[in-house]
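Here is a short report on strand pairing in one model. Please keep the sequence and the 3D view open while reading.

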Amino acid sequence: MDITGEYRIAASREIVWSALNDPDVLRQCIPGCKELEAKSPEEMDAKVALKVGPVSATFSGNVRLEDIVAPEGYTLIGQGNGGIAGFAKGRALVRLAEAGGHTVLSYEARAEIGGKLASLGSRLIQSTSRKLAGQFFDSFAAHLGGKRATADAPVSAEVDDLELIHHTQNT
Amino acid sequence: MSNASDIPFAKTTKYIGAALPRATAKRFLFGRGRYTDDIEVPRMLSAAFLRCPYAHARILAIDTTNARKFPGVHSILTGVDLARICRPWVGTLTHFAGMKSAPQLPLAMEKAVWSGHPIAIVIAETRAQAEDALEAIQVEFVELPAVVDALDGLNEHSALINEAAGDNLIYATQIEAGTIAQAFEDAEIVEADFIFGRHTAVTMEPRSILANFDPSTGRLDVHQSTQTPYQFQDVYARHFNLSEANVRVVAPDVGGSFGMKLHVYHEDMAVVGASIISGRPVKFTADRMESFASDIHARDHRVRARLAVSSEGILRGFDVDDVTGVGPFSTYPRTSVVEGNQVVRLIGAAYRVTDYRAALRVVAQNKNQMSQYRAVGHPVAFAVTEYLVDLAARKVGLDPFEIRRRNYLTQDMYPHTTATGYQIERLSLEICLEKLHEVMDYAAIVAEQERLRRTGVYRGIGIATYVEITNPSPAFYGVGGGHVSAQDGCILKVTQSGEIQCMISVTEQGQGTEAIIAQIVAEAVGTDIATVRVFTGDTDMTPAGGAAWACRGAGVGGETALQAGKKLKKRIVEVAGAILHCPAHHLTLVDGRIVDAQQHTRMTLRELAHLSYFRSDLLPAGRPAELTVAHHHGPSGFPFAFTNGIHGSLVEVDVETGIVKILKHWVVEDCGTVINPLLVEEQIRGGVVQGLGAALFEECRYSASGQLLNGSMADYLVPMACEMPDIEVYHVETPTRDTELGAKGCGEAGTAASSAAALNAVNNALSVFGASITQIPMTPERILRAIGAVG
Amino acid sequence: MLTTALLVTVMVNGESVQRFVEPRLSLADFLRRDLGLTGTHLGCEMGACGACLVSLNGSAVHSCLMLAVQADGLSVDTIEGLAESGFISDLQTAFHERNAMQCGFCTSGMLIAARECLAHGGVPSREEIRDALSGNYCRCTGYQSIVDAIETVAIARAEKEVGGPV
């Protein structure tokens with residue numbers, strides 16, 4: 001099952017696009033991101049601390065941008081090795097559409113975990129992924145629109161996504 | 001209880017047949033059990049493993065530099081370190097012609113082949129320190145496409161797990177008997193596709209090993225939670241190039257095994273290797289997550305089967321295809337093909353069917369290894385058989401009891417050879433069937449079922465027959481080159497005060513082996529059971545033997561003890577005769593007293609021992625009292641001692657929630673001579689519950705990429721007290737004539753057909769909806785899907 | 001990670017013990033490793049299986065879920081202490097006679113759960129006994145013999161109560 005969400009951001013598509021490609025912005029918005037270092041415009045090394053269910057781990061890995069169509073969107077592919085906790089990987093298809101001076105950001109994300117994380121945390125992976133995706137895009141939208149309240153509640157959510165709604169309502 | 005056999009069994013029966021509690025189990029009630037993890041030795045280090053998180057991955061590099069600097073770390077070993085001292089093992093046997101499996105080493109080398117495959121071992125002062133260091137080991141992986149579904153693995157474009165093999169097919173075999181095409185001609189045909197989930201043993205005590213190598217003498221001392229210490233003595237000696245006489249394996253108290261603790265595991269080999277390399281004692285105890293990721297799994301079969309039946313309800317032929325996924329390689333040293341082999345050979349075994357065709361394919365997958373676990377193959381074979389027999393009964397309008405009456409092997413047919421070639425000495429199928437009919441009060445529960453159905457309560461009644469392989473001869477493993485002993489050995493010695501110590505190679509994991517051996521020895525020697533002490537599970541102490549597998553403790557171990565006891569009794573009486581100047585054949589031993597033909601006590605065993613050990617000068621010259629005897633016994637005659645029995649299950653299906661409640665379960669079993677009914681009944685009950693777990697709850701669920709999704713006790717459901725019914729157990733005794741004791745096995749009978757009975761019961765309940773289910777576990781979701789309540 | 005050892009004082013089986021422990025040390029590991037009370041077993045380390053039950057100030061708790069430092073100042077009774085005090089001897093006898101244990105690994109936890117189940121007196125129904133054991137896994141017995149043993153003790157205690165001095 002994919003996780004989807006949509007945000008209306010009070011900024012032009014070019015500004016949103018440039019933020020989506022700015023390692024500093026990404027570092028601030030990726031939940032638990034400890035390090036993010038650009039290797040090239042399309043590739044970054046990252047260290048991210050995550051907790052899935054009872055398992056906490058720091059993942060070392062990289063983030064790659066593919067299918068880049070400026071300023072309409074890209075596919076973000078991340079994978080990280082969390083040592084004895086296992087691994088996590090995911091991809092998110094991000095699309096930007098202009099909407100009357102604002103930008104509608106939509107995403108479809110999918111996550112996969114392996115090792116101890118999977119055997120202990122698979123019940124929780126869907127809700128955790130949703131929560132993390134929500135946190136990321138909330139922060140991202142908040143970053144562009146100022147401190148707070150710039151992200152609307154998702155225009156649509158495919159699932160009854162209590163955490164995401166909860167999150168967005170609190171931003 | 002009626003006896004199906006015509007041979008009288010001379011049970012003198014002060015102890016054999018008595019429902020005695022287990023003397024040696026008392027310590028568990030005082031917290032004085034001693035399991036491997038309870039043992040601490042000086043200078044001991046603890047091990048922890050780094051495991052591959054991917055189902056299939058190439059290992060490019062392992063960097064342990066930082067991890068080595070962690071506090072308490074003694075050393076970190078990887079695949080290459082252990083490959084230097086450990087000869088690879090290959091899980092094939094020659095009688096499974098054409099089977100192939102990749103050689104295994106303690107730790108993954110260039111490739112890891114399941115999520116959980118150990119890659120590095122850290123040994124440190126404490127387990128916590130070892131685990132801390134694991135975090136700092138850096139491994140560079142390249143994830144490879146994984147083979148997850150067994151059928152996909154047979155696809156020619158599938159990824160290869162063992163490149164050298166050329167495909168993922170570990171083993172395939174075909175059986176054809178009679179004229180199957182003819183049997184299906186003009187017959188009524190019933191058929192079904194079955195899915196049997198993967199499940200696992202979940203012993204309460206996880207696997208644990210403490211290896212202690214002394215480099216000064218080359219002595220290896222291993223304490224291990226295992227059911228087969230002699231097998232491991234052989235494995236460690238051969239694979240680490242040690243003198244076997246210098247390898248000792250001790251199985252202390254073992255917290256459940258169920259077949260899971262007789263396989264060679266990578267971790268155990270790595271721990272032995274780490275002790276050899278470090279010259280220090282090294283202990284490893286799996287945590288529960290590691291157990292789920294590395295203890296063998298079981299079942300995982302997809303079976304397509306057809307049964308031809310005449311309109312009079314006479315079974316005419318079975319046609320079976322079984323595909324089973326067994327993990328990345330075949331388990332050592334017993335292989336991973338025995339289960340599938342038994343599935344295709346046991347189907348229909350209770351019935352007069354001569355036309356038979358079956359095909360088996362055993363396929364490699366990037367999942368945890370699969371191998372023998374309690375009732376190996378039987379639950380699958382009997383679920384398939386008994387489901388189809390019930391279906392056939394419905395098709396031709398017969399009651400489930402009636403169709404079995406018409407088709408069972410009967411007393412006039414033995415010895416019998418099944419269509420698949422099993423030789424059966426004698427069963428009591430029809431006796432057990434009628435007994436079950438009586439004890440279930442079948443007519444009453446059927447009437448109750450019909451009454452309740454009108455009120456919207458859906459009960460189901462299911463029965464399932466089993467025929468079980470016990471007391472195996474070397475036909476199982478030895479003939480294929482396996483170093484697995486089918487015989488057992490026993491030493492009996494009279495102590496200085498006239499008590500008896502028994503050192504025997506069958507082992508104890510809670511089933512009561514030590515208790516029944518004491519009963520047999522006391523009976524055979526003619527002494528008070530309170531003076532008999534049984535020792536098991538130490539290769540330094542007892543003769544070598546098969547230990548515990550395939551329900552052989554009572555049948556093979558028991559006969560060994562019986563004959564050893566008779567030998568000792570003869571010896572004691574000879575010594576007594578020499579002392580008393582009385583012909584030995586005029587004397588016998590009763591309750592520890594040497595009595596003459598007039599039943600007068602001439603001396604006690606205590607007095608005889610005192611004289612023998614402390615006043616040997618008083619014995620006739622040149623005739624020291626040899627009050628120690630040894631005896632070995634291996635099965636001869638029939639290759640296996642087949643047992644039989646039948647299960648009945650009464651269930652209630654909540655059609656709103658899909659939840660199945662087992663209301664009652666009955667078993668009528670025939671394991672030959674019952675040595676201790678208390679213990680037999682508890683073996684049956686425990687076995688039934690494991691089978692019901694498989695039927696309703698237990699499943700190792702994997703993701704599409706080969707990740708185990710429920711590797712904890714919170715997510716993997718085992719039966720609990722509140723979900724299980726009371727289970728009634730009844731006995732029929734058909735002793736084997738291959739031994740004097742006449743005992744066969746009973747440890748797997750409970751598991752062999754309880755899931756089949758539950759499957760039939762649930763289907764009986766669902767039949768009013770025109771629905772059926774042929775997948776276990778029968779989870780609520782699957783039940784609801786079967787009745788069309790969810791899509 | 002906090003690794004400085006802390007001093008704890010725990011009343012264990014009626015004796016006061018003082019030890020320096022790492023803050024992350026579980027009560028189960030403390031009992032097993034530091035005190036050698038290996039009758040407490042670890043089956044899952046997540047509070048699911050009940051093999052590690054001990055009595056803490058009179059109530060059954062999972063010693064795998066508690067830290068040793070949390071037991072500071074409290075009173076812990078393990079199977080060893082309960083058995084040696086004679087407090088559960090009727091349960092032990094009933095378990096033995098009914099063969100209500102096979103491998104023995106769950107037995108300590110079962111006895112502690114059984115003791116708690118019967119602590120309030122009365123004769124619970126078999127269903128109530130089964131419910132009381134719902135946090136204790138046993139993989140060998142199929143539970144019936146354990147239920148039988150506890151029921152036997154409940155009845156015997158109730159009879160003793162009735163027949164005893166008022």
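The report takes chain C first, then chain A, and ends with a table of strand pairs.

The model is predicted. In chain C, five strands make an open sheet. Their order is β2-β1-β5-β3-β4, and the pairing is mixed. Two strands sit at the edges: β2 (15-21) and β4 (59-62) of chain C, each pairing on one side only. On average, neighbouring strands of this sheet are turned by 40° against each other, direction ignored.

Strand β3(C) spans residues 53-56 and runs antiparallel to β4(C). Within this pair, Leu53(C) is opposite His62(C) of β4(C). A helix also packs on the sheet: α4 of chain C, residues 107-117. Helix α4(C) touches β3 and β4 of chain C, and its direction makes about 45° with that of β3(C).

One partner is β1(A), residues 3-9. There, Tyr7(A) lies opposite Leu105(A) of β7(A). Another partner is β6(A), residues 87-99. Here Glu98(A) has Thr103(A) in β7(A) as its bridge partner.

| Strand pair | Sense | Bridges |
|---|---|---|
| β3(C) and β4(C) | antiparallel | four bridges |
| β1(A) and β7(A) | antiparallel | seven bridges |
| β6(A) and β7(A) | antiparallel | 13 bridges |

Conventions. Residues are numbered from 1 along each chain as its sequence is written. Chains are lettered from A and ligands numbered from 1 in the order in which they are written. This is a predicted model: local features need pLDDT of at least 70, side-chain atom pairs count only at pLDDT 80 or more; totals for chains, interfaces and linings use all residues. Two strands pair if DSSP finds at least two bridges between them. Axes are lines fitted to C-alpha atoms, for helices over the stretch in contact, and angles run from 0 to 180 degrees between N-to-C directions. Two residues are in contact if their C-beta atoms, placed from the backbone, lie within 7 Å.
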